[in-house]
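This report goes through selected local features of one model. Please keep the sequence and the structure open while reading.

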Amino acid sequence: MSNIYFYYLATHLLVINDLLGGGWTDPAYRLELQTICYSGVFDALYGGRIPRDTPEVMKVVLLGWRAAQRVTGWWDRLTRQTPLWQWRHLREVSALEVFWKWDNIGISTLGDVWGESHMRSFEEIQESYSLNKTQFPKYLQLRHTLLVHIRPGDSVPNCSPMEARTMMGGQGRRGISQLYRSLLFNTTPSHENLRRKWEGWVGPIEEADWRDVLMAPRTMSMTSRFRVLQTLYLHTAYLTPERLFKTGLRQTADCPRCSSPDADFFHMVWACPVIMTYWKAIVGEVSKVLHSEVEMVPFPLLLGAMGEMGLRRADRIFLGEVCLVAKRDIMIEWKAEAAPTLTMWRRGVDLCALCEKSVYEARGCPNKYNKIWG
Ligand SMILES: [Zn+2]
């Protein structure tokens, strides 16, 4: 799981947060949900089938929520926020004859009937929800059924991290970063396979260098588009001829530029002779500008970890940025037979410099700009 995936997930979750800012069971929000999407939203959030006529936007959001619960390890776990009557993991309960009277007076989550570690007594529930005493047999039925899923003494946590975030409501603009942080803190994504893949291409990578590589998307550029681009590069998240061929979407795995077979990601962005010539030209230009011979090695240029380049800090930032322009151009011309042109790259670099200039000026540190782009 990559950071960028979490970021997208967080943006989707924010929609859920807006929808359910008042909590699952607030009648006003439920009414809202019924009018803008459909009534089965709780069901869908907790694993029910998503109806075919669900608007596409809503579908993405619902799947985003499920993925977030899964990623944080809470998909199969009960919390006091778990909807009582619909959830697939309380299947026995949801199979009960409809407790619509209970649902209508606000008894709708597990926490409404399950206390710290035991089923709440009938009297207690009666008191909180003015439940009619004729419902006692139903209470017994529910208790009996719930015991299939939870044993007395089992404590049920109040909420999962995602439920906590979504139900806080009113997070405004900071919402995305809060959700993003929760996703990151509640998981330990392993990048071992990714590291092995890159090591197969660029040779052994030291621990410290690998840490730099993982940080590079965040530190290389102030533009979020470039940050995303670097993350996609790092995770080789592109449909290469090799990948398309394997999934049966392409006749061959040949490179569109040099026709060599088995064009994997590394070939497409580096090893291909056509692309190699392009990189050589760029490295030549950069060396001239920096008055220092930049080495033609894939590790720093592709992965953005410039530690070993022997350059000043400002020059490393500059090199990182201009490489990002080159990488972006390679992506733009992904399917072309020729490499991107140097003219295109120069224009990109100029534009990049122009934009950064105004940012540095707005931040009141034009010196920093001069150091990098001067
Ligand atoms: Zn090629």
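## Burial and numbering

A residue is called buried if 20 or more other C-beta atoms lie within 10 Å of its own, exposed if 12 or fewer do, and partly exposed in between, with C-beta atoms placed from the backbone. The model is predicted: local features need pLDDT of at least 70, side-chain atom pairs count only at pLDDT 80 or more, and totals for chains, interfaces and linings use all residues. Residues are numbered from 1 along each chain as its sequence is written. Helices (H or I, at least four residues) and strands (E, at least two) are DSSP runs, numbered from the N terminus.

## Gly304

Gly304 lies in the loop between H18 and H19. Gly304 is buried because 26 other C-beta atoms are within 10 Å. Contact here means that the C-beta atoms of two residues, placed from the backbone, lie within 7 Å. With residues up to four places away in sequence not counted, Gly304 touches Val213, Ala216, Met220, Gln230 and Gly320. Leu214 is 90 residues from Gly304 along the chain, and the C-alpha atoms of the two are separated by 9.2 Å.

## Helices H13 and H14

The axes of H13 and H14 cross at roughly 155° and come within 7 Å. Axes are lines fitted to C-alpha atoms, for helices over the stretch in contact, and angles run from 0 to 180 degrees between N-to-C directions. Angles under 35 degrees count as roughly parallel, over 145 as roughly antiparallel, 65 to 115 as roughly perpendicular and the rest as oblique. H13 and H14 are therefore roughly antiparallel to each other.

On the H13 side, Val213, Ala216, Pro217 and Arg218 meet Arg227, Gln230, Thr231 and Leu234 of H14. The contact of H13 with H14 has 4 nonpolar, 2 polar and 2 charged residues. In this count Ala, Val, Leu, Ile, Met, Phe, Trp, Tyr, Cys and Pro are nonpolar, Asp, Glu, Lys and Arg are charged, and the others, Gly among them, are polar.

## The largest nonpolar core

A nonpolar core is a set of buried Ala, Val, Leu, Ile, Met, Phe, Trp, Tyr and Cys residues joined through C-beta atoms within 7 Å. The largest one has 39 residues, and Ile275, Ile282, Leu303, Leu319, Val322 and Ala326 have the most contacts inside it. Two or more residues of this core come from each of H13, H14, H16, H17, H18, H19 and H20. H19 gives the largest share, 9 residues. Beyond residues up to four places away in sequence, Ile282 touches Ala326 and Trp345.

## Helix H20 and positive phi angles

Helix H20 (residues 342-362) has 21 residues, which at 1.5 Å a residue should span 30 Å, and its end C-alpha atoms are 30 Å apart, which agrees. The expected span is 1.5 Å times one less than the number of residues. Just after H20, Gly364 has a positive phi of about 75°.

Thr236, a residue other than glycine, has a positive phi near 45°. Thr236 sits in the loop between H14 and H15 (241-246) and is partly exposed because it has 17 C-beta neighbours inside 10 Å. Ser259 is not a glycine either, and its phi is positive at about 60°. Ser259 belongs to the loop between H15 and H16 (265-271) and counts as exposed, with 10 C-beta neighbours inside 10 Å.

## Asp103

Asp103 is in helix H6 (residues 100-104). Asp103 is partly exposed, with 15 C-beta neighbours inside 10 Å. Outside four places in sequence, Asp103 is in contact with Trp85 and Ser108. Asp103 and Trp85 are 18 residues apart in sequence and 8.1 Å apart in space, C-alpha to C-alpha.
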